[in-house]
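Thanks, everyone. Let me put the model on the screen, and then we will go through salt bridges, cavities and a few backbone details.

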Amino acid sequence: RFLTMKRLVILGAAVAGLMGIAAHAQVSDAIIKNAFSPYEKTPPSAPGYQPGMRITAKNVDAVEGILDPFTFRYVKKGWLEIPTTPTFSLPQNSNYIEATRRSAHKVQLAPDGTLLNFEAGRPFPQEPDAKDPQAGLKLMWNFQRGINAGDSETINPFWWTFRNTKTGQSERQLRFDWHFLNWKHRTMFDPKPDITPNPGQIFRSISSTVLEPFDLANTQLLIWRYENDLQRDDGWLYLGFQRRVRRLAVGQITDAFLGTDAMIEDFEGYNGRLSDYTWTYKGSQNVMMPYEKHNELPELDVEPKGDADGFRFVKFGGQGNCFPQVTWQLRKSYIIEGKPKDPNHPLSRRLLYMDSESATLPIVTQYDRKGQPWKYFPICKSHSDYHLAKNKGVGVAIDDCALFFDEQAMHCTTLQFKSHVNPQENPPSIFTVQKMRATGR
């Protein structure tokens, strides 16, 4: 009897060991290739759509199936026309891909929705499974641990223009200096994988400063997002006219940011804790997205005065001069629905269209508490090899322009900017409250 029990224990241990091996099997090269090179063999296609066509109010009905409902509605109204180009592959940073290959097989979701055994790269490169109730959350972790701005990015000049969508009148313009820094899980720039010391275990920081107009000059925002997603973000606001730093209250991330049509929670498509929402994967679909090659756009806007690179902004036009004048292309998209857990949140849900290749969020739509369409946030993405010469080869979908459009108020905030993925302009010292106080005096 003792021997029998002993054999069962040994057998059980062996089975458990095999299950552990299965659970941590290497992610195959085929999975990696599908995740990071989805267009290598066959570009996406759709009935009625031909790359190079211009989508207008006259022909939009024929391609309704490849447009999100907001974009379709605006084209149908004649507010926007969409020039299209063939789909291109946007090579992702090779270090990031290799980090995914090395560690993705170990990554799991903890019962509380946080990551276990994550080192670097894309946590879940596998194709999402519609039967998996956590598929939406896994996709959002791919975004949160992605390289939307590389390990380190500067945006300057950065112009936010308030516009009346009915009349096209430009009401006000804010000019910013903006910085992003990943403290942990770095794959592009030294030090790797982490910046130390980091006793608070900050995952990522955002710092912005208003340069103009005079009445808001030197207003600063600082955000710390922590490694532990259950730990609430810390945020501080320095108001130049008050000359003091204030800690952001929890509710302020869903207030209008400096009078714009955006919330702090909206930055980059979604700038909040994943644990604040319930995320549901709604399926995959080929969708038109504002992906372009900046240097090959047929028409650009002004060159900011004194810019050393001779860079010119993306132009805006259409209804109210609210819509970016860039080319779009058909891309494989994962559709994710996010519902806030806070009953006092101003939104009932977000619908996010994630680009499968880059895990970025080029199209975000929002619905008010009554479930009615409210806000539309497309983010233009440029191939890094066709942008600034110093961005060539970084393997990041470069942020090139954005729009925050409140269709209920018929008001928009257009964003024009120059993004530079680099480590030099983002030392850890600028992401501190002490820096805010020192530069605010």
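A search of the whole structure finds 26 salt bridges. The criterion is a side-chain nitrogen of Lys or Arg within 4 Å of a carboxyl oxygen of Asp or Glu. Before the examples, the ground rules. This is a predicted model, so local features need pLDDT of at least 70 and side-chain atom pairs count only at pLDDT 80 or more, while totals for chains, interfaces and linings use all residues. Residues are numbered from 1 along each chain as its sequence is written, and side-chain values use heavy atoms, with hydrogens and water left out.

Take Lys106 and Glu119. Their closest N and O atoms are 2.3 Å apart. Lys106 sits in the loop between helix 4 (94-103) and strand 3 (108-109), and Glu119 in the loop between strand 4 (115-116) and helix 5, so the bridge ties together parts that are 13 residues apart in sequence. Helices (H or I, at least four residues) and strands (E, at least two) are DSSP runs, numbered from the N terminus. Lys106 is partly exposed, at 25% relative accessible area. Glu119 is partly exposed too, at 40%. The scale: buried is under 20% relative accessible area, exposed is over 50%, and partly exposed is in between, with a 1.4 Å probe and protein chains only.

Next, Lys184 and Asp194. This salt bridge spans 3.3 Å, N to O. Both residues lie in the loop between strand 6 and strand 7, so the pair ties together parts that are 10 residues apart in sequence. Lys184 counts as buried at 10%, whereas Asp194 counts as partly exposed at 25%.

Lys418 meets Asp307, with the closest N and O atoms 2.7 Å apart. Lys418 belongs to strand 20 and Asp307 to the loop between strand 12 (291-292) and strand 13 (316-317), so this bridge ties together parts that are 111 residues apart in sequence. Lys418 has a relative accessible area of 8%. For Asp307 the value is 13%. What network does this pair belong to? Salt bridges that share partners join Asp307, Asp309, Lys390 and Lys418.

On a 1 Å grid over the protein atoms alone, a cavity is a set of points where a 1.4 Å probe fits but cannot get out; lining residues have an atom within 4 Å of a point. Grid points are joined across faces, edges and corners, and volume is the space filled by probe spheres set on the points.

The largest cavity holds about 210 Å³. It has 19 lining residues, and the closest to its centre are Phe158, Phe267, Glu268, Ala402 and Leu415. Which element gives the largest share of that lining? Strand 19, with 4 residues. By class, the lining has 15 nonpolar, 1 polar and 3 charged residues. Here Ala, Val, Leu, Ile, Met, Phe, Trp, Tyr, Cys and Pro are nonpolar, Asp, Glu, Lys and Arg are charged, and the others, Gly among them, are polar.

The second largest cavity holds about 130 Å³. Of its 14 lining residues, the closest to the centre are Phe143, Gln144, Asn148, Arg204 and Glu268. Helix 5 (135-144) and strand 7 (202-212) each give two or more residues to this lining. Its classes are 5 nonpolar, 6 polar and 3 charged.

Back to strand 19, where Leu403 lies. Leu403 is buried, at 0%. Its contacts, meaning heavy atoms within 4.5 Å, include Phe316, Cys322, Tyr376 and Cys412, not counting residues up to four places away in sequence.

In helix 2 (residues 29-36), Ile32, Ala35 and Phe36 are buried. They cover an arc of only 80° around the axis, which puts them on the same side of helix 2. The arc is that of the directions from the helix axis to the C-beta atoms. These buried residues pack against helix 4.

Last, the backbone. The peptide bond from Asp190 to Pro191 is cis, with omega near 0°. So is the bond from Thr196 to Pro197. Pro191 is in the loop between strand 6 and strand 7, and Pro197 is placed in the loop between strand 6 and strand 7 as well. Asn117 is not a glycine, yet has a positive phi of about 65°. Leu258, also not a glycine, has a positive phi of about 50°.

How values were computed: 1 Å grid on protein atoms, 1.4 Å probe; cavity = no way out; pocket = protein on both sides within 12 Å on 5 of 7 lines; lining within 4 Å.
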